[in-house]
Amino acid sequence: MRGRIRQLWRSMPVRLALLLVLLFSTVSLISLLASYAVTRNSFETAIRADLEQDIAGFRAAPNSRAVALLVDAESRGTDPGRVILSYITPNGQIFGNGAIARDDEGYHIVSLAKSRTEYDGDYLSLTIRLYGGQLTVARSLAQIEALRVVFFNILLLSLLPTILIALSGGLYLARRSKRHVEVIGGTLDDLTNGDLTARVTMGPRWADDLVRIGDKVNQMAGAQEAQTQMLRQVSSDIAHDLKTPIQRVAVYLDDMARTVPSASDEGALLGKAQDEVAGIASVFQSLLQIASVESGSPKAHFKPVNLNQLCETMTEVYEPAAAAKGQSLVCAVPDKMVQVVGDKNLLGQVLANLVENAMRHTPEGSKITVTLAQNAGRAIVEIADNGPGIPAAEREKVVRRLYRLDRSRNTPGNGLGLSLVEGVVKLHGGHLSLLDNAPGLRVRIEFQTHSPAAI
């Protein structure tokens, strides 16, 4: 879950949505703050004008006694929560509905009633000396406080929906873009794993930039497939063209061997030449067989194949040779028949190549196992040994044509066995994996199984 959130967070649509939200929020906040400052200033100016007008009315009184009576009369009908009137006469008497007191915490407005309670809220006041006394008029700033709440609500109502809509749109675009990127990534993975026919399938809702990337990937895949096909065709053509001359050379050498004593120097040299020609013929035969497998032509002869019987048969065939080398070759198959659709001869050659490789590259005393299992509709064949194995960095390379490990240069073989194995496995819709057996190598082949009733 965290990984998916991290991917969405790092996606470009979400980041663009967040950037737009940030810009819009900043502009809206600055605009609302400016509007609030202007409106608050207008309210304060209006309140100050009202205070000036109130003071001007009291100035019209002829003396302090008249001011006191006027303040007392006005305060009786005035809400102290809105306007505070206070007049302190020259002899110290207080008239009005409140008085302004000061302590260490600041100014306070105190009621002149018997309860002497304080009034809450902020006030804007104006105080003057009038006829030897002190006149104070204060007006509540509750309207300005209400204005602050109004502007805050406007800010929330304008920004929150915008943020939610923008983020929702960004997440939607990010998820759609992520799916499109995954399609491209899946195609690249298929191409990396050797499926050169993989192409990016683009839909009508794809963004132009992703469409261009998909087109470039398809162009690259097409060019790579064409080049690979050309190389395969060249190797197949060479093998086909040279197969007959090499066979003729082999026939000539065989004829010569009948006339030359094998114990002579010429006979020994002739035997080496025959071995080399046989090796060359084997290489060309393997190349032709790989080309035939890759073309898919053997599929026309696919039939149900009993893998239990095939694994046991190949084990019995190679068990004497393994025993002669001091190796142990065992087979383990389930009681229930595991059946696939394919070419029995090609599948048998796959097992033969893998068993021969294990026998060839493991020392005396090694154990080689051939196991068959069935899991979730998949047939799993494994050939494992406890020999030196193949380094992890070399496992992808050994399935290439004619590739051989450095330590295998002096052992029999032409580097085409695993290439043929991989070709046959792909022809049957299977998957080949080279795994660490700790120690040794474990070759795993997976096929889709078919029940006898379905065939």
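1. Leaving aside neighbours within four places in sequence, S125 is in contact with L51, I100, T136, V137 and A138. The model is a predicted one. S125 sits in strand β5, residues 123–130.

2. Is S125 buried, exposed or partly exposed? Its relative accessibility is 39%, so S125 counts as partly exposed, because that class runs between 20% and 50%.

3. Helix α7 covers residues 307–324. Its 18 residues, at 1.5 Å a residue, should span 26 Å, and the end C-alpha atoms are 26 Å apart, so the two values agree.

4. The N-terminal end of α7 is capped by N306, which places a side-chain oxygen 3.0 Å from the backbone nitrogen of N308. After the helix comes G326, with a positive phi near 75 degrees.

5. The buried residues in α7 are L307, N308, L310, C311, M314, T315, Y318 and A322. In an α-helix there are 3.6 residues a turn, so residues three or four places apart point the same way.

6. One cavity of 30 Å³ or more is counted. The largest cavity holds about 60 Å³ of space. Its lining consists of L307, L310, L347, V350, L351, V381, I445 and F447. Helices α7 and α8 (344–360) and strand β13 (441–448) each supply at least two lining residues; the largest share, three residues, comes from α8. L307 and L310, both buried in α7, are among the lining residues.

Conventions: Residues are numbered from 1 along each chain as its sequence is written. This is a predicted model: local features need pLDDT of at least 70, side-chain atom pairs count only at pLDDT 80 or more; totals for chains, interfaces and linings use all residues. Side-chain values use heavy atoms; hydrogens and water are left out. Helices (H or I, at least four residues) and strands (E, at least two) are DSSP runs, numbered from the N terminus. The expected span of a helix is 1.5 Å times one less than its number of residues. Buried means under 20% relative accessible area, exposed over 50%, partly exposed in between (1.4 Å probe, protein chains only). A polar contact is a pair of N or O atoms within 3.5 Å; within protein, one must be able to donate a hydrogen and the other to accept it, and residues adjacent in sequence count only if both atoms are side-chain atoms. Contact means heavy atoms within 4.5 Å. On a 1 Å grid over the protein atoms alone, a cavity is a set of points where a 1.4 Å probe fits but cannot get out, and a pocket is an open set with protein on both sides within 12 Å along at least five of seven lines; lining residues have an atom within 4 Å of a point. Grid points are joined across faces, edges and corners, and a volume is the space filled by probe spheres set on the points.
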